[in-house]
Amino acid sequence: MRRKKMGVSKLKQIKFVCIIVSVAFIVIQIISALQLRNISPSTISSPNRKLSTTNLSRSSKVGEFGVMVIRMLPEDLAFTLFLPSEEAFRRDLRLNRNDSNAYAILTRVLGFSAVPRWISSADLEHGKQIIYDSISGFNLYISMDLNGMVVVNGVVSEQVDLKMGKVLVHMMDGVVMDAEFEQSVKPEDDDEERR
């Protein structure tokens with residue numbers, strides 16, 4: 001009889017511990033949900049966000065595709081973006097406003113050309129190359145040419161050090177990309193011309 005009472009007592013203890021753990025879990029979930037409501041919408045990056053009015057004059061320099069790429073980055077973190085010029089988007093990627101795959105292409109460009117820190121032209125020295133990984137892990141070999149322009153993986157900049165919020169933009173006269181992506185966006189008639 002005594003053994004039976006001990007078994008019932010241990011079973012009650014196990015049930016009690018399970019109830020306490022369940023209640024604690026529910027309380028933690030409720031607290032977490034309440035804290036999520038306190039996040040302001042401005043800290044969440046949205047494709048529809050507007051550039052600040054101080055940056056509107058600069059947004060015309062980066063072009064329509066450039067603005068789309070910048071909007072993909074979080075507003076509250078510092079980035080350097082080696083952004084293709086509007087002409088480079090059209091020339092090198094054959095990108096048009098109405099392309100159904102434009103967003104996917106711009107996302108790939110962002111992965112190759114964004115570094116999660118500021119790299120200004122003042123940080124570079126003539127004849128010295130620095131290496132950073134882009135947000136996609138692609139190696140970027142960054143240097144400065146004799147004209148004071150930033151060069152990334154052989155692509156020369158047109159303009160340097162444009163600040164767009166917390167994003168430092170270097171406008172590039174080409175697209176920084178890996179060989180695989182370059183092959184995928186190259187038009188078929190370029191292959192036929194080489195044969």
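This report covers the fold, the nonpolar core and the aromatic pairs of a predicted model.

Numbering starts at 1 along each chain as its sequence is written, and side-chain values use heavy atoms, with hydrogens and water left out. Because the model is predicted, local features need pLDDT of at least 70 and side-chain atom pairs count only at pLDDT 80 or more, while totals for chains, interfaces and linings use all residues.

**Fold**

The protein has 6 helices and 7 strands. Both are DSSP runs numbered from the N terminus: helices are H or I with at least four residues, strands are E with at least two. From the N terminus, the order is α-α-β-α-α-β-β-β-β-β-β-α-α. Contact here means heavy atoms within 4.5 Å. Among contacts between residues at least 6 apart in sequence, 54% join residues at least 24 apart.

**Sheet**

Seven strands form an open sheet with mixed pairing, in the order E2-E1-E7-E6-E5-E4-E3. Two strands pair if DSSP finds at least two bridges between them. Strand E2 (114-115) and strand E3 (130-133) stand at the edges with a single partner strand each, so one side of each has no neighbour in the sheet. Strand E4 (residues 139-144) and strand E5 (residues 150-152) run antiparallel and are joined by 3 bridges. Ile142 has Val152 in E5 as its bridge partner.

Helix H3 (residues 86-93) lies across strand E1 (79-84) and strand E7 (167-172). H3 runs at about 60 degrees to E1. Axes are lines fitted to C-alpha atoms, for helices over the stretch in contact, and angles run from 0 to 180 degrees between N-to-C directions.

Ser157 lies in strand E6 (residues 155-164). Its relative accessible area is 5%, so Ser157 is buried. Buried means under 20% relative accessible area, exposed over 50%, and partly exposed in between (1.4 Å probe, protein chains only). Beyond four places in sequence, Ser157 is in contact with Met149, Val150, Met171, Met172 and Asp173.

**Core**

Buried residues make up 36% of the 195 residues in the protein. A nonpolar core is a set of buried Ala, Val, Leu, Ile, Met, Phe, Trp, Tyr and Cys residues joined through side-chain atoms within 4.5 Å. The largest core has 42 residues; Leu81, Phe82, Leu83, Phe89, Leu93 and Val169 touch the most other members. Helix H4 (residues 102-113) gives the largest share of this core, 6 residues.

The buried residues of H4 include Ile105, Leu106, Val109, Leu110 and Phe112. The 12 residues of H4 should span 16 Å at 1.5 Å a residue, and its end C-alpha atoms are 16 Å apart, which agrees. The expected span is 1.5 Å times one less than the number of residues.

**Aromatic pairs**

Rings of Phe, Tyr and Trp (its six-membered ring) pair if their centres lie within 6.5 Å; planes under 30 degrees apart count as stacked, over 60 as edge-to-face and the rest as tilted. There are 3 aromatic pairs by this rule. Two are listed here.

| Pair | Centre distance | Plane angle | Class |
|---|---|---|---|
| Phe65 and Phe89 | 5.4 Å | 55 degrees | tilted |
| Phe112 and Phe181 | 5.6 Å | 45 degrees | tilted |

Phe65 lies in helix H2 (residues 56-71) and Phe89 in helix H3, so this pair ties together parts 24 residues apart in sequence. Both Phe65 and Phe89 are buried. Phe112 lies in helix H4 and Phe181 in helix H5 (residues 179-185), so that pair ties together parts 69 residues apart in sequence. Phe112 and Phe181 are buried too. Together with Phe138, Phe112 and Phe181 form one aromatic cluster.
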